[in-house]
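Please have the structure open as I talk.

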Amino acid sequence: MTLQRRVILAVLLAAALAWTLTSAIIYINAREEINELYDTAMVRMAQQMQAVLPAVDVGKLPRPSTGTPEPGDEDLGDLGDADLGDLAIAAWRPDGAPLHIDPDGDRLPRAPHVSGFAETAIDGVPWRLYYLNDRSAGWRVCVGQLLAEREELIYSYIQAQVLPWILGLPLLTALLIWAVGRALLPVRTLSAQIAARAPDDPTPLAMSAVPGELVPLVGAMNQLLSRVAALLEHERRLTADAAHELRTPLAALKAQWEVARRSLDEAERAQAGARVEAGIDRLSRLVNQLLTLSRLEQNLAPQSAVPADWTSIANEALSDCLPLAERRHVDVELLWPPERAVPLPLQGDPALLAIMLRNLLDNAIRYSPAHTLVTISFMPDRIVVTDHGPGVPPQILPRLGDRFFREAGRREHGTGLGISIARRVASLHGLRIDFANRTGVGESGLTATIRFLNDVSSIAAHT
């Protein structure tokens, strides 16, 4: 069901419910008012008749008889819309003899024990009666009215309320359709604008002509467009960078393969084969790093969050980097805080934290001279990875972590993605990684400090 139909049905149902409740209230009030009006009139009529009877010459009043006045005995004139059969009056002498005042009143029962209002059926028709007694003279008066007269008046009043609503319902429905259609026009216009947009168009939707109710929706859509545009740009840059990075090692592999295939010198072929193997290892590492980075870029938070066990995380990272450390003759040292201190307490994904620590440790080992020491210091508020390599020129430090960035002239070949991945993992866990050159006397190397984002203490104080 469309939104327009839902709104129209909701409004019509609400109008019908409101009308029903209003009609019920009007019916109750009308019934009370009409009963009050007629009951007052009946009491006044009985009182007036009771006041007149003692002043009448009793001897001149007609005696009881079985006959009734013949039609035409009285000149009633123009009766208009009067219905004399709906109202009747009767009176009785002190001895109980009826006074034939009203032909219709002769049907009213005397009921000597009833005083005030009573309802009864006369000839199967409901009547409302009012009895008034003169205790001193003994006269008795009764005024009666058909109950149907009251109900007819009440229903006529309700009908006057219902008919205009029923007759106006088609007009109300047409106005609702027109009004809701006009109200939803901005939604259709917005839908047409979105449908006509190019898939890669990041231009925000205009907010000037948007109704207030749609401002949050359009704002959220603009934020989504911005995120999608950023994601597309990221994928575009990642694809372009990956294509560029893969082109060189593939060309080198092809060249070395040609050398190995065509060379007749066994030593030369063995050297070319070793270079092919190293190139394949580099390609494999590059592809793995690209896949890892792509997965991390799609996450806004860690997939799982448990208290970080840095002992097992460090052992896993060290186990992955141990073959490289042995091949390069670099020792790795783990320093832990005092026995009761907890190193960098946080909730996170152990697998991602191991990737972060492994990439930093791998980077430190690769750029450390042989027979040197790489130290990982675990502290209550940070983790510091220190190497004894040549360090990084100060102008290069801000670019550490850029994708595929490698310092020119480095003998060690890397992918340029390890630090990017480490920083992305840190960001997912509310951490940051700061790099600084070691500045002590006779010292060289680079320190990578992992700390919380809101920790603004100086790095130099800990290096």
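Let me start with Phe 117, which stands opposite Tyr 130 in β4, and let me say at once that this is a predicted model. The strands concerned are β3, residues 116-122, and β4, residues 125-133, which run antiparallel and are joined by seven bridges. Two residues lie between the strands of this hairpin, and Asp 123 takes a positive phi there, near 55 degrees.

Turning to the rings, the count comes to four aromatic pairs. One of them is formed by Phe 117 and Tyr 130, a tilted pair at 4.8 Å centre to centre with 45 degrees between the planes; these two residues are 13 residues apart, Phe 117 in strand β3 and Tyr 130 in strand β4. Phe 117 counts as partly exposed because its relative accessibility is 31%, whereas Tyr 130, at 12%, counts as buried.

Another pair, Trp 336 with Phe 378, is stacked, at 4.2 Å centre to centre and 5 degrees between the planes. Here Trp 336 sits in the loop between β7 and β8, while Phe 378 belongs to strand β9, 42 residues apart. Ring pairs also bring in Trp 310, so that Trp 310, Trp 336 and Phe 378 are linked into a cluster.

Finally, which helix gives the most to the lining of the second largest cavity? That is α7, with three residues, and the cavity itself holds about 60 Å³ of space. Its lining residues divide into six nonpolar, one polar and one charged, with Leu 360, Phe 435 and Asp 387 among them.

Key: Residues are numbered from 1 along each chain as its sequence is written. This is a predicted model: local features need pLDDT of at least 70, side-chain atom pairs count only at pLDDT 80 or more; totals for chains, interfaces and linings use all residues. Side-chain values use heavy atoms; hydrogens and water are left out. On a 1 Å grid over the protein atoms alone, a cavity is a set of points where a 1.4 Å probe fits but cannot get out, and a pocket is an open set with protein on both sides within 12 Å along at least five of seven lines; lining residues have an atom within 4 Å of a point. Grid points are joined across faces, edges and corners, and a volume is the space filled by probe spheres set on the points. Helices (H or I, at least four residues) and strands (E, at least two) are DSSP runs, numbered from the N terminus. Ala, Val, Leu, Ile, Met, Phe, Trp, Tyr, Cys and Pro count as nonpolar, Asp, Glu, Lys and Arg as charged, and the others, Gly among them, as polar. Two strands pair if DSSP finds at least two bridges between them. Rings of Phe, Tyr and Trp (its six-membered ring) pair if their centres lie within 6.5 Å; planes under 30 degrees apart count as stacked, over 60 as edge-to-face and the rest as tilted. Buried means under 20% relative accessible area, exposed over 50%, partly exposed in between (1.4 Å probe, protein chains only).
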